[in-house]
Amino acid sequence: MSIVNLLKLFQSVTYHSSLITQHYIPFFCDLENKLYTGSNIMAQQIIFYILALIIAVFSIMAVTSKRLIRSATYLLFVLLATAGLFLIMGYHYLFAVQTTVYAGGIMVLYIFAVLLTQKPGEKITPEPLKQRVLAIVLAAAGFLFCGYIIVNNFNRVYTYVALDEMNTKFVGQTLMGTGKFQYLLPFEVISVLLLACIVGAIMIARKRS
Amino acid sequence: MADLITNFFSGPIPMEAYLVISLIMFFAGVYGFLSRKNLLMILISVELILNATDINFVVFNRYLYPGQLEGFFFALFTIAISACETAVAIAIVINIYRNLNNVEVDSLNELKEESTEQPES
């Protein structure tokens, strides 16, 4: 029984089932018989570690910076690196949405807000030491707790199925469909939420004559 | 653990690497949320937290349920909801700035109406 048929069997068995542990397949091929070999994996690893380093360094710099506009810029880099992570995993549509909405829309809002409420170049006075130490202790405690859970579960095996990129036509059909596992109702609810937020934000922030 | 080390540079990226990245981002956001005074800094920390949970959803979808799309769509809707929440929060921050001329959380109690002194029996 070839590897492709084994993978197709795994795919169909796990489609509607809950999490079951499967054996880790050391090399893999996608459902159209393309083999992923050495150099492709190496490139993926290098890109992942660069993006991971960017995320780790810039997210910590964003929350400890003394100037607000620099925090906003570091956050922009973090969001773009997250979009890159989505791209590595093969979700091209989510990469596009993350870049345009988060890094392109929300960050512009933040930069507007920062420049409207501060003189440019103004330094923030540092917070009292007690508050910072308490925050560090709590964040470190949570980090160690969750890190312990992750490290304890390293030996859970899973199957990494190498997929092609996520088909946008399939995303569209799933988003607008009314069958099982399709998402028309959350789509309509999100549109109502967006309308409410637009109206609310305009009402709150308009100039009172 | 031994399996992870021997396959470190020769297999696909392990799921735990993604989880550690989102862990760092999440707790950086928690630190910023708890320790900063400026309202916009607090909002930026909330964005970091939400982004970390997005990565988690997508990673679990990709590695544990590759044929399904629930995590993908949850992350998509979370991005839309975060945009809405950011818009409303920044509108509120701008309104606060108009009334108080600064956006620190310590000075928000100046928004309170001055109550007439009433001795409580």
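Visitor: How are residues, chains and ligands labelled, and which pLDDT do local features need?
Guide: Residues are numbered from 1 along each chain as its sequence is written, while chains are lettered from A and ligands numbered from 1 in the order in which they are written. This is a predicted model, in which totals for chains, interfaces and linings use all residues, side-chain atom pairs count only at pLDDT 80 or more, and local features need pLDDT of at least 70.

Visitor: Which pattern does chain A follow along the sequence?
Guide: Helices (H or I, at least four residues) and strands (E, at least two) are DSSP runs, numbered from the N terminus. Chain A has 7 helices and 0 strands. Read along the sequence, its pattern is α-α-α-α-α-α-α.

Visitor: And how do the elements of chain B run from the N terminus on?
Guide: Chain B comes to 4 helices and 0 strands. From the N terminus on, its elements run α-α-α-α.

Visitor: What percentage of the residues of chain B count as buried?
Guide: A residue is buried if 20 or more other C-beta atoms lie within 10 Å of its own, exposed if 12 or fewer, and partly exposed in between, with C-beta atoms placed from the backbone. In chain A, 17% of the 209 residues count as buried. For the 121 residues of chain B, the value is 41%.

Visitor: Which helix gives the largest share of the side of chain A that touches chain B?
Guide: Two residues are in contact if their C-beta atoms, placed from the backbone, lie within 7 Å. The contact takes 71 residues from chain A and 63 residues from chain B. Several helices of chain A each supply at least two residues to this side, including H1 (3–14), H2 (38–64) and H7 (184–205). The largest share, 13 residues, comes from H4(A).

Visitor: How many residues of the side of chain A that touches chain B are nonpolar?
Guide: Ala, Val, Leu, Ile, Met, Phe, Trp, Tyr, Cys and Pro count as nonpolar, Asp, Glu, Lys and Arg as charged, and the others, Gly among them, as polar. On this side of chain A, 16 residues are polar and 2 are charged. The nonpolar residues number 53.

Visitor: Is H3(A) roughly parallel or roughly antiparallel to H4(A)?
Guide: Axes are lines fitted to C-alpha atoms, for helices over the stretch in contact, and angles run from 0 to 180 degrees between N-to-C directions. The axes of H3(A) and H4(A) come within 8 Å and cross at roughly 175°. Angles under 35 degrees count as roughly parallel, over 145 as roughly antiparallel, 65 to 115 as roughly perpendicular and the rest as oblique. The crossing angle therefore makes H3(A) and H4(A) roughly antiparallel.

Visitor: Is H3(A) roughly parallel or roughly antiparallel to H3(B)?
Guide: The axes of H3(A) and H3(B), the latter spanning residues 39–64, come within 11 Å and cross at roughly 10°. Residues that meet here include Leu75(A) and Val78(A) in H3(A), and Leu40(B) and Ile44(B) in H3(B). The angle makes H3(A) and H3(B) roughly parallel.

Visitor: Which residues touch the most other members of the largest nonpolar core?
Guide: A nonpolar core is a set of buried Ala, Val, Leu, Ile, Met, Phe, Trp, Tyr and Cys residues joined through C-beta atoms within 7 Å. The largest one has 61 residues, and H2, H3 and H4 of chain A are among the elements that give two or more residues to this core. Those touching the most other members are Leu75(A), Val78(A), Leu40(B), Ile44(B) and Val58(B).

Visitor: Is Phe181(A) buried or exposed?
Guide: Phe181(A) sits in the loop between H6 (168–176) and H7 of chain A. Its phi is positive, about 60°, although it is not a glycine. Because Phe181(A) has 12 C-beta neighbours inside 10 Å, it counts as exposed.

Visitor: And is Asn101(B) buried or exposed?
Guide: Asn101(B) lies in the segment after H4 of chain B, and its phi is near 70°, a positive value in a residue other than glycine. With 9 other C-beta atoms within 10 Å, Asn101(B) is exposed.
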